[in-house]
Amino acid sequence: MLNNEQFSKTVSSDLATREKYSKDSVYKGNPEYSFVANDWKTTGEIISFCNTKAIPVTFCGGQTSMTGSSVSDSGLALSLGLKNKIIDIGLNTQGEPFAKVEAGVNLGELKKEVEKLRFFYPPDPTSYQEVQVGATVATNATGADTFKYG
């Protein structure tokens, strides 16, 4: 478990860094800290520390939305943008297609990769070239293809 000093060394309280994660297309917040996850162990420790200290945690995507859901008025803005690996795409044991990806994967890149395998991933929000998959799942961002594919 992190202590106060380790937490302060791991997260950023620098205004310029926090600014990057303080707004989306519409809303502006004011987080006290920001953290860009680069490994799951440290990320878990940060989240556990915040939980014990009652520090709110807001997960940030690419800040492309108009929902305000990735913007924090306080606490920690946690970006998963560096957690952007496509782990596996294929068919499961029932023959159904799947994609296993980290939250920071760019949706446009995922769509290209599944198309190479002749699959189709229908969510297509207008910002699909910039948005991260985790953010689309978190906000149920789907786009116009929802009308056709559900």
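Okay, so let's start with the parts list: this protein chain has 6 helices and 5 strands. Keep in mind that we're looking at a predicted model. If you walk along from the N terminus, the order goes α-α-β-α-β-β-β-β-α-α-α.

Now, the inside. Which residues make up the largest nonpolar core? There are 12 in all, and they are Leu2, Phe7, Val11, Phe35, Ala37, Ile46, Phe49, Cys50, Ile55, Leu76, Leu78 and Leu80. Helix H3 and strand E3, which is 76-79, each put in at least two residues, and H3 gives the most, with 3. There's also another core, apart from that one, with 7 residues, including Leu107 and Val114.

Leaving out residues up to four places away in sequence, leucine 76 touches Val11, Tyr33, Ser34, Phe35, Ile46, Cys50, Ile55, Pro56, Val57 and Thr58.

Okay, rings next. The structure holds 2 aromatic pairs. Why is the pair of phenylalanine 7 and tyrosine 33 called edge-to-face? Their planes sit at 80 degrees, and over 60 counts as edge-to-face, so that's the label it gets; the ring centres are 5.1 Å apart. Phenylalanine 7 is in helix H1 and tyrosine 33 is in strand E1, so the pair ties together parts that are 26 residues apart in sequence. Phenylalanine 7 has 3% relative accessibility, so we call it buried, while tyrosine 33, at 26%, is partly exposed.

The other pair is phenylalanine 7 with phenylalanine 49, and that one is stacked, with 4.3 Å centre to centre and 20 degrees between the planes. Here H1 gets linked to H3, across 42 residues. Put together, Phe7, Tyr33 and Phe49 form one aromatic cluster.

One more residue before I sit down: threonine 43, which is also in helix H3, residues 40-52. Is threonine 43 buried or exposed? Its relative accessibility is 2%, and the cut-off for buried is under 20%, so threonine 43 counts as buried. And what does threonine 43 contact, beyond its neighbours within four places in sequence? That would be Phe35, Ala37, Asn38 and Leu78.

Methods
Residues numbered from 1 in each chain as written. Predicted model: local features only at pLDDT ≥ 70, side-chain atom pairs only at ≥ 80, totals over all residues. Heavy atoms only, no water. Helix = DSSP H or I, 4+ residues; strand = E, 2+ residues; numbered from the N terminus. Buried < 20%, exposed > 50% of the residue type's maximum accessible area, 1.4 Å probe, protein only. Contact = heavy atoms within 4.5 Å. Core = buried A, V, L, I, M, F, W, Y, C linked by side-chain atoms within 4.5 Å. Phe/Tyr/Trp six-rings, centres within 6.5 Å; stacked < 30°, edge-to-face > 60°.
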